Amino acid sequence: MVFGDRDMSENYRINSMRNYIQNHWLMLLIILQPVLDILAYWTKNPEGTMAGVIRLLIMLLLPLYLLFTLKEKKGFVLSMAAIALVCLLHIINCMRIGYVSMSFDISYAAKTAQMPILAVCFLHCIRNEQTRNQAYWGLFFAAAITAASIGLSWLTGTANVTYGAGLGISGWVIDDNRCANSVIVVTLAAFSVFCAVKSEKLPVNILVPALALLVLLSNGTKACYFGVYVIFTGFALFLIAEHFFKGTEIKKPVVITLLVLSVLAVVVTPYTPMYKVRFAQTSFAQLNQSEIDKQLEDMGYEPGGITEEDILSNPEIHQVYEDYYRKMLWSIMPNMFERFTIDEIMAEYGFTTDAQTLINVRQQKSAYASLMWKHSDGLTHLFGIDVSDIWLTGSCDLENDWPAIFYYYGYLGFGAYLAFIAYFALLIIWRLFKNFKTAFTTDNFILLITFLLFIGLAQFSGSVLRRPNVSFYMALVLGLIYYQTRVKPVTEENSLWRKLQ
């Protein structure tokens, strides 16, 4: 009997664990994300990380699971086929023009495709309140793990920096993900503030936003810094607007806390890593700007009055400009000068001498991609350039997502990505018109604000659409938007759409 009881107890534990995983798999998947980032830091090597392999398996296994379990497969299969077709046409065109590294380009395409693939999976998985709440709990725990890991890394002296010594704390994040990590920090900070807004406990209302502010400012990126105002001020204004639209009682402690912290962020700006980095860049630019302006004036030329024709026709002026461009660009982008002529490079910049423009690394990478694009044929414009060429030959990768999607995957890929994002934007608009009053909730506002942050950060920061550890969160938010707008029932009373009709 003893052995029989033990067997029954063991079976009970196994079944309980199995049931728990089945009922909370989405929450566990979200919690796994910061753990994978930490794993990547401690297991990093030149060949890659175990975290990257796990994320690839998730991207492959989740669609396969849905393919065999969904009752209505048509929409799912067509969506996956459309994503695969865009990638396939890009690969075929790169084979036509000749690959630098086929494996690299295909690997990069898989990373870029992860966001829409997982988004489609999540909109089929999040079908009820239980799975939706799993997502919120998962994001809450992921935020707690991220904050704890940053604190522990700082206390133990093992934290990676964002820009350099004393310039931002990224935590246990590998070098390649330092700036990309800032988007994750912004996302989790937004959901942390969301939890604080929803809570009825005063300590949570105050301490959680305060901790979120500390993490954002200590990270040091512009994405984190400006994310403070979007999140904190945005939620404060939402709560005030909710009072006027729906007559709800204003949570004064929350609103006051959020506004005070927003003002505090302004006050401490000169002491933040972001400010120090920008100040150093501005000082360097001003010094070089003064040098060339003086050089041109000593030669008898007015810096602002020199035309393109003057530069190209006058060898003396041309040499001054060539030396200046090499000084400003060569240390970061030496391959640009090996691949393109100096006149092409100067023309790409409009022959400007503005030092602030020339030292901007993002613009340098964009200029390289643009010059590659101008040397490409029509089919390449349609399907995109070989990503391995700009990475391995040019030694650069575009930091901003939208230009990267455009150059890497052409008119077709860029248009498909825009259409995919636009679909969810239209869902939000449709939901607001369907019933504005019931749509005006905190649960919907957090999704709206993170959706807008993702779109904006994809342009001004990057790594939102092409980094698997970041794009996971955007895919999750899109899945939640679909649930809130298309799956969750909408009452017809107070319908703004009917009133307009």
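Predicted model: local features only at pLDDT ≥ 70, side-chain atom pairs only at ≥ 80, totals over all residues.
Residues are numbered from 1 along each chain as its sequence is written, and side-chain values use heavy atoms, with hydrogens and water left out. Local features need pLDDT of at least 70 and side-chain atom pairs count only at pLDDT 80 or more, while totals for chains, interfaces and linings use all residues.

Helices are DSSP runs (H or I, at least four residues) and strands likewise (E, at least two), numbered from the N terminus. Helix α22 (residues 468–487) packs against helix α6 (residues 178–198) at an angle of about 35°, with axes 8 Å apart. Axes are lines fitted to C-alpha atoms, for helices over the stretch in contact, and angles run from 0 to 180 degrees between N-to-C directions. The crossing of α6 over α22 is left-handed (the near helix is turned anticlockwise from the far one by less than a right angle). Contact (heavy atoms within 4.5 Å) involves Ala180, Val183, Ile184, Thr187, Leu188 and Phe191 of α6, with Asn469, Val470, Tyr473 and Val477 of α22. These residues comprise 8 nonpolar, 2 polar and no charged; Ala, Val, Leu, Ile, Met, Phe, Trp, Tyr, Cys and Pro count as nonpolar, Asp, Glu, Lys and Arg as charged, and the others, Gly among them, as polar.

Helix α19 (residues 401–434) also meets α22: their axes come within 9 Å and cross at roughly 35°. This crossing is left-handed too. Residues in the contact include Phe420, Phe424 and Trp430 of α19 and Met474, Ile481 and Arg486 of α22. By class the contact has 11 nonpolar, 2 polar and 2 charged residues.

Helix α21 (residues 442–460) has 19 residues, so at 1.5 Å a residue it should span 27 Å, and its end C-alpha atoms, 26 Å apart, agree with this. The expected span is 1.5 Å times one less than the number of residues. Just after α21, glycine 462 has a positive phi of about 105°.

On a 1 Å grid over the protein atoms alone, a cavity is a set of points where a 1.4 Å probe fits but cannot get out; a pocket is an open set with protein on both sides within 12 Å along at least five of seven lines, and lining residues have an atom within 4 Å of a point. Grid points are joined across faces, edges and corners, and a volume is the space filled by probe spheres set on the points. The largest cavity has about 110 Å³. Its lining includes Asp37, Trp172, Asn181 and Ile184.
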